[in-house]
Each structure stands twice: as C-alpha cells, then as structure tokens.
Amino acid sequence: MIRPRTAAVGAAVLTVAATLAGCGSPGGTDRLSARLATGEGPARISVSDPYIPLPAAPSMAAGYLTLSNAGGTADRLVKVASPDARTVTMHRSTAGSMEPLKDLEVPAHGTAAFSRGGNHLMITGLDRRPAVGDTVELELTFAGSGTIAVRVPIKPLTYRPPGAGTASGS
Ligand SMILES: [Cu+2]
C-alpha cells in the first residue's frame, strides 16, 4: 500500500555501512579502519534526494534518486522492486525515446543518478493514485551491497531536488 504523509520520510536516506563482523577481533577492526581510511574496502552505498513527481495516473510514474558510494569498490544496482507497485524498471532516456537499463554502476568513491532527462525509474501499476506527501517504497538491490529499502516521497510536478543544477536537460 502507499503510505500517507505521516510515514517517516526521514527513512528515505539509508546508509549501508560496511558490516563489522561480530567477531570482535580488535585486529580485524583495525585492518578494516585502515582500509577505509585509505579509500579501499567494500562498497558503501547511500541513497539521497529520492522523489517521484506526482503522476497523472497510477498506471505510470517516474522515480528519481541519487546513489553514492563511499567505499573503494564499485557496485551495481541490478534490480528495483516495490511492494506498492506492479513493476519498477530502470530506463535510460535516448533521443525522443527510452530503453531498458540492465543495471547501473555506482563507481568507487562516486555517484550515479536517476535524474530528469537522463536515467529514470519507471514505476507501473501503483496501488492507487498517490497524493503529494505520500511515499512509495522502493527496494534497490545491489550486486555487492544487498537490498536497500527507500521511502520515496511524492512531490509536485515542478519539484526539483536540492542541488539539482541547471546543467541537466528537461
Ligand atoms: Cu521510461
């Protein structure tokens, strides 16, 4: 179901940190700290600025968000699903059209984005027509980092995320 605005939108930004194994070995922790300090180590993915412009109909909506990787290993978003919708597909915009994306790489110490005029998430079959302030849950599955659930708020059609420059098209 689609959550009303009272749902915790703050949960939209989730960070999956490298899991410190429960062995409690001080040496192991030191080695991990050293790897992180030198910029090596596993992928550490976080999601920022997720939003869905208010769709005209529940049958189709577009989703946008930014993926950041603070770790020293690239990761790939390989699947997106939603308990609130029938399908979620990764798409790349091409000249006047679009095509499915198999996956999206998030480089080490880098970012990858679904943003207006570029890659986008195509969400079909929402349970019902959402209203501004509702949230839709997306489950982002990464090749290395597992699945991250994100509550994505519905925004007005004219919304632009903070930090979105004028450089991107449309
Ligand atoms: Cu599309």
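Asp-49 sits in strand S1, residues 45–53. Strands here are DSSP runs of E with at least two residues, and helices are runs of H or I with at least four, numbered from the N terminus. The model is predicted: local features need pLDDT of at least 70, side-chain atom pairs count only at pLDDT 80 or more, and totals for chains, interfaces and linings use all residues. Residues are numbered from 1 along each chain as its sequence is written.

**Exercise 1.** Describe the backbone and the exposure of Asp-49.

*Solution.* Start with phi. Asp-49 has a positive phi of about 50°, yet is not a glycine. Now count neighbours. A residue is buried with 20 or more other C-beta atoms within 10 Å of its own, exposed with 12 or fewer, and partly exposed in between; C-beta atoms are placed from the backbone. Asp-49 has 17, so Asp-49 is partly exposed.

**Exercise 2.** Is Arg-44 buried or exposed?

*Solution.* First, locate Arg-44: the loop between helix H1 (26–37) and S1. Next, count: 20 other C-beta atoms lie within 10 Å, so Arg-44 is buried. Finally, find a partner. Gly-71 is 27 residues away in sequence, but the C-alpha atoms are 4.7 Å apart.

**Exercise 3.** Find the contacts of Leu-138 beyond its neighbours within four places in sequence.

*Solution.* Two residues are in contact if their C-beta atoms, placed from the backbone, lie within 7 Å. Leu-138 then touches Gly-63, Val-80, Ser-82, Val-88, Val-150 and Val-152.
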